[in-house]
Amino acid sequence: MILIGQYDSPFVRRVAVTLAHYHMPFTRNPLSIFGDAEKVQALNPLLRVPALVLESGETLIDSGAILDHLDEQAGPARALIPPHGAERRKILQAMAVSTGISEKIVALFFERLFHKKDAVSHTLEKRQLSQIAHGLAHLERECGSPWFIDSRMSQADVTIGCMLSHLKLRMPELFPATKYPKLHALSLHCETRDEFVACRPGEDETVPSAS
Ligand SMILES: N[C@@H](CCC(=O)N[C@@H](CS)C(=O)NCC(=O)O)C(=O)O
């Protein structure tokens, strides 16, 4: 399998961490959504990462759909999302909030990157900052210890861990330790795991300047 995309994307990274967790071998093509736009769009009409090229040559897009396939391959006993029940619902809800926060961080980052300071929409910026803060407060309230659902690592941890590392990379000022102590502990817990360490963004995996 070939994973397309850079590890500074929380969506790419959660797929990579999941592949590593399942010990599924893969290689990576760290195409940039900016520098390699034509190549990325040939794989995904939406010009987004991640994409995953399977052994069969089939290409999957969207991290949620890719994770669904990986869980199916791993089987219900190993899957990071249980096949049914209250735990499954709780994990899926946490993932929905977490990916929603990541979408807002990416949108806000691009809003600031591609506009001159006085051209940034402060109405939109205020709304996005509120969505991020309320999303984080919700996850902080719901978070267990040492994992999100207390006893065992799930896809909620992978997705939240990758969302938090991306937030710390792009806008650390939005994540004060005193305000979100449980999420800080969860992030540290995740980042000591082998599968997270194996998928840290390299120094060359950055977004280019807007010019
Ligand atoms: N729902 C998608 C979101 C993927 C996404 O937004 N990826 C970002 C990188 S962090 C991207 O490629 N953005 C480029 C764009 O939308 O123009 C997923 O889960 O894969």
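## The sheet

Four strands make up an open sheet of mixed pairing, arranged in the order E2-E1-E3-E4, where strands, like helices, are DSSP runs numbered from the N terminus (at least two residues of E for a strand, at least four of H or I for a helix), and where two strands pair if DSSP finds at least two bridges between them. Strand E2 (27–29) and strand E4 (59–61) stand at the edges with a single partner strand each, so one side of each has no neighbour in the sheet. On average, and with direction ignored, neighbouring strands of this sheet are turned by 25 degrees against each other; the axes behind this angle are lines fitted to C-alpha atoms, for helices over the stretch in contact, and angles run from 0 to 180 degrees between N-to-C directions. Strand E1 (residues 2–4) and strand E3 (residues 51–53) run antiparallel and are joined by three bridges, and the bridge partner of Ile-4 in E3 is Ala-51.

This is a predicted model, in which local features need pLDDT of at least 70 and side-chain atom pairs count only at pLDDT 80 or more, whereas totals for chains, interfaces and linings use all residues. Residues are numbered from 1 along each chain as its sequence is written.

Eleven of the twelve residues of H1 are buried, so the helix is largely enclosed by the rest of the structure; a residue is buried if 20 or more other C-beta atoms, placed from the backbone, lie within 10 Å of its own, exposed if 12 or fewer do, and partly exposed in between. The buried residues of H1, among them Phe-11, Arg-13 and His-21, pack against E1, E3, H3, H4, H6 and helix H8 (194–197), with contact taken as C-beta atoms, placed from the backbone, within 7 Å.

H6 is mostly covered, with 13 of its 16 residues buried.

## Surroundings of the ligand

The ligand is surrounded by Ser-9, Phe-11, Ile-33, Leu-47, Arg-48, Val-49, Pro-50, Asp-62, Ser-63, Gly-64 and Val-106, a residue being near a molecule or strand if its C-beta atom, placed from the backbone, lies within 6 Å of it. This shell divides into six nonpolar, three polar and two charged residues, where Ala, Val, Leu, Ile, Met, Phe, Trp, Tyr, Cys and Pro count as nonpolar, Asp, Glu, Lys and Arg as charged, and the others, Gly among them, as polar.

Leu-47, found in the loop between H2 and E3, has a positive phi of about 55 degrees although it is not a glycine, and it counts as partly exposed with 13 C-beta neighbours inside 10 Å. Asp-62, in the loop between E4 and H3, likewise has a positive phi, of about 80 degrees, and is partly exposed with 16 such neighbours inside 10 Å. Val-49 and Pro-50 are joined by a cis peptide bond with omega of about 10 degrees.

## Ile-81

Ile-81 lies in the loop between helix H3 (63–74) and helix H4 (86–114) and counts as buried, with 20 C-beta neighbours inside 10 Å. Leaving out residues up to four places away in sequence, Ile-81 touches Asp-71, Arg-88, Ile-91, Leu-92, Ser-154 and Gln-155.

Technical notes
Two residues are in contact if their C-beta atoms, placed from the backbone, lie within 7 Å.
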